Amino acid sequence: MASTPQQKCKPGLHSIAYVTTPNEESAMKLSRMLIERKLAACVNIVPRVVSIYEWDGKISEHHEILMMIKTRSARVDELCQFVRNNHPHSVAEIVALPIENGNPAYLTWLSKAVPEGK
């Protein structure tokens, strides 16, 4: 069987944003809102990560939920603003990185699921 050439993914067109929340309920709620608003194509929720950091001069250690949010790079600023406005913490952890490569079929689906925006 002859293989069909796969279209190369354009580096940086898509991004993944990492967000932590204090509990699964807030992660589920935020994930659903992002999908409903078409700011994300998919959100993976990873339970029980441990975060260790300095806050107000003290070392803190908390169990959190990690959200891995797949979106278009052009929508990252809008996604970050939405998360900041709807996150239970006053300072939400939001870190976004460009996707440099991946399964072309998945990235095509991601593009269809998240419109280019304004």
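**Strand 1 and its surroundings**

A: In this predicted model, His 14 stands opposite Ile 99 in strand 4. That places us at strand 1, which pairs with strand 4 (residues 94–99) in the antiparallel sense, over six bridges. Strand 1 also pairs with strand 3, again in the antiparallel sense, over eight bridges. Seven of the eight residues of strand 1 are buried, so the strand is largely enclosed by the rest of the structure.

Next comes the nonpolar interior. In soluble globular proteins, nonpolar side chains tend to be buried together. Here the largest nonpolar core has 19 residues, and those touching the most other members are Leu 30, Leu 34, Met 67, Ile 69, Leu 79 and Val 83. Strand 1 (14–21), helix 1, strand 3 (58–72) and helix 2 each supply at least two residues of this core. Helix 2 gives the largest share, five residues. Another core, of seven residues, lies apart from the largest one; Ile 16 is among its members, as are Ala 41, Leu 107 and Ala 113.

Helix 1 (residues 24–36) and helix 2 (residues 76–86) pack at an angle of about 140°, with axes 11 Å apart. Leu 30, Met 33 and Leu 34 in helix 1 meet Leu 79, Phe 82, Val 83 and Asn 86 in helix 2. By class, this contact has six nonpolar residues, one polar and no charged ones.

Terms used: Residues numbered from 1 in each chain as written. Predicted model: local features only at pLDDT ≥ 70, side-chain atom pairs only at ≥ 80, totals over all residues. Heavy atoms only, no water. Axes fitted to C-alpha atoms, helices over the stretch in contact; angles between N-to-C directions. Helix = DSSP H or I, 4+ residues; strand = E, 2+ residues; numbered from the N terminus. Contact = heavy atoms within 4.5 Å. Nonpolar A, V, L, I, M, F, W, Y, C, P; charged D, E, K, R; others polar. Core = buried A, V, L, I, M, F, W, Y, C linked by side-chain atoms within 4.5 Å. Buried < 20%, exposed > 50% of the residue type's maximum accessible area, 1.4 Å probe, protein only. Pairing = 2+ DSSP bridges.
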